[in-house]
Amino acid sequence: MVTQEQQSIIDHAQLQKINGWQHIKVKGTPYECGFQEGYLLADEYQDALRVYKFMTLETFGMTYEWFAEQALKLHRDKIPTRWLEELRGMAEGLTAAGIPTTTDDMIAWNDWMEITGYWWPQNAGKVMSRPLMKTHRKEHCSAIVATGSATVDGKPYLGHESFDEFWSGQYFNVCKRVEPDDGYAFIMQASAPCMLSSMTDFYVTAAGLNITETTLAGFDRYDDAGMPEWVRIRDAVQYAATIDEFVERLNKGNNGGYANAWLIADHNTGEIARFEQGLEFTSLERTFDGAYFGCNAVFDPRIRNLECKDNGFNDPRQQTGARRQRWMELIDQYYGKIDLEVVKKMLADTYDVYLGYNCPSSRDICAHYDVDPQYYADDPDAVWNIPFYPAGSCDAKAAGPDDVKHLKMWGRYGRADGVEFVAKDFMDQHPLWKWMDGYLEDRPTQPWTLFD
């Protein structure tokens with residue numbers, strides 16, 4: 001039972017369920033924004049937490065609760081008060097909805113990807129009798145940004161799709177509009193309910209910026225003393241008005257967590273940029289005329305060679321090298337014609353450059369790991385190089401100049417090419433994965449949806 005004061009807070013929020021998405025609008029102080037999200041998305045959070053707890057133990061051999069303890073030791077004291085207030089609001093909103101939750105719970109929930117994917121590989125040897133054989137760090141996402149002579153009207157266009165294991169990707173269906181009491185309003189996709197930042201990283205801001213990223217494959221650095229990435233990116237998105245300000249804020253307290261190649265479009269100037277952020281090394285490319293793409297391959301040779309393990313940069317058998325080649329081909333093919341529909345078409349592309357024909361596989365821009373027998377995989381450290389692995393494209397997002405002007409974005413839940421995933425059919429065909437029954441959900445074909 002909510003109080004009258006709490007109901008007044010909730011009344012300023014909106015939730016719409018459409019085409020597989022939870023489209024939520026939150027507004028007000030940090031606490032109010034957090035409370036609104038926690039209360040309205042409580043059921044979705046409860047189910048996601050159930051699955052994350054099961055899959056954390058299955059994936060790492062350590063419990064979710066153990067990783068939560070490490071997250072709090074490492075990062076509780078590094079989170080600025082404003083963001084702690086929003087996390088507290090989420091916790092109290094969940095509690096008001098019947099799911100008892102603390103601020104510490106929210107810190108651990110938001111920290112999960114960084115702790116398991118970046119801190120754990122550097123610290124597993126201190127806990128285990130031997131280092132991890134594989135890092136469990138995945139290569140996420142395909143993305144493109146274009147402007148100037150590359151596009152139909154000389155204005156920027158940006159698109160992105162997330163790659164992940166389907167058990168986590170099934171929760172990539174939150175589209176959140178935030179109207180804060182301070183800073184710029186923004187709209188973003190979130191990787192799960194009650195996330196302070198996107199983590200799948202697609203943002204449109206009232207400052208005129210459109211932002212996305214793809215991870216740096218094989219990145220192998222981490223600084224325990226730094227500030228977590230999910231805090232730094234939220235600060236940059238809400239307060240940066242230019243590409244330079246975005247980079248400056250994202251670099252402040254950089255700890256190497258969730259190391260990415262950021263694609264940024266400034267719709268006030270028409271300029272676009274690709275910012276690769278390692279730990280010791282960073283690289284910023286920018287132009288008013290051309291295109292950048294992200295495929296998890298690392299372009300800066302210092303980051304690629306000194307801060308990463310093999311990331312398939314020149315290997316078309318690996319998904320990074322194959323997609324790097326395919327993005328180059330598609331940009332050449334559509335140069336001067338790129339608009340919103342072309343961006344959507346590129347994200348749905350399933351041409352396999354290694355095989356030389358259209359074939360859904362792990363090497364496509366729209367990745368289909370679940371149908372790939374992995375005959376040609378050549379990355380001994382990659383945890384996804386398993387035949388018929390339930391992973392790959394989980395969504396697609398895009399925005400053009402009119403969308404950014406009016407704080408809108410397009411999203412498609414499920415694979416970027418619209419091909420459905422039916423969990424029972426998959427497990428019947430590949431019974432090795434039946435242990436995921438009850439934790440792996442269907443993702444039917446969904447249309448592109450405009451969020452405004």
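Strand β7 (residues 186-190) is mostly covered, with five of its five residues buried. Buried here means under 20% relative accessible area, while exposed is over 50% and partly exposed lies in between (1.4 Å probe, protein chains only). Strands (E, at least two residues) and helices (H or I, at least four) are DSSP runs, numbered from the N terminus.

This is a predicted model, in which local features need pLDDT of at least 70 and side-chain atom pairs count only at pLDDT 80 or more, while totals for chains, interfaces and linings use all residues. Residues are numbered from 1 along each chain as its sequence is written, and side-chain values use heavy atoms, with hydrogens and water left out.

- β6 and β7 run antiparallel and are joined by five bridges; two strands count as paired if DSSP finds at least two bridges between them.
- Within this pairing, V178 has F186 in β7 as its bridge partner, and K176 stands opposite M188.
- The two strands form a hairpin with five residues between them, and G183 in the turn has a positive phi of about 90 degrees.
- β7 is also joined to strand β8 (residues 202-205) by three bridges in the antiparallel sense, with T205 in β8 as the bridge partner of F186.
- On β6 there is a parallel pairing with β2, over seven bridges, in which G28 stands opposite P180.

**The open sheet around β3**

- Six strands make an open sheet in the order β13-β3-β4-β17-β18-β19, with antiparallel pairing.
- β13 and β19 (449-451) stand at the edges with a single partner strand each, so one side of each is left without a neighbour in the sheet.
- Neighbouring strands of this sheet are turned by 15 degrees against each other on average, direction ignored.
- Strand β3 (residues 142-148) is largely enclosed by the rest of the structure, because seven of its seven residues are buried.
- Six bridges join β3 to the antiparallel strand β4 (residues 154-161), and these two strands form a hairpin with five residues between them.
- G148 has G154 in β4 as its bridge partner.
- β4 pairs with strand β17 (residues 395-399) in the antiparallel sense over three bridges, and A399 in β17 is the bridge partner of L158.

**Helices lying across the sheet**

- Helix α11 (residues 319-334) lies across β3 and β13, running at about 155 degrees to β13.
- Helix α12 (residues 340-347) lies across β3, β4, β17 and β18 (409-413), at about 30 degrees to β4.
- For such angles, axes are lines fitted to C-alpha atoms, for helices over the stretch in contact, and the values run from 0 to 180 degrees between N-to-C directions.

**Helix α2 and its cover**

- Helix α2 (residues 30-40) is largely enclosed by the rest of the structure, because eight of its eleven residues are buried.
- Its buried residues are P30, Y31, C33, G34, F35, Q36, E37 and G38.
- What covers them includes α1 (4-10), β2 (21-28), α3 (42-60), α5 and β6 (174-180).

**Where α5 meets α8**

- The axes of helix α5 (residues 81-96) and helix α8 (residues 229-239) come within 11 Å and cross at roughly 100 degrees.
- That makes α5 roughly perpendicular to α8, a label for angles of 65 to 115 degrees, where under 35 is roughly parallel, over 145 roughly antiparallel and the rest oblique.
- R82, W83, E86 and L87 in α5 meet W230, V231, R234, D235, Q238 and Y239 in α8, where contact means heavy atoms within 4.5 Å.
- The residues of this contact divide into five nonpolar, one polar and four charged; Ala, Val, Leu, Ile, Met, Phe, Trp, Tyr, Cys and Pro count as nonpolar, Asp, Glu, Lys and Arg as charged, and the others, Gly among them, as polar.
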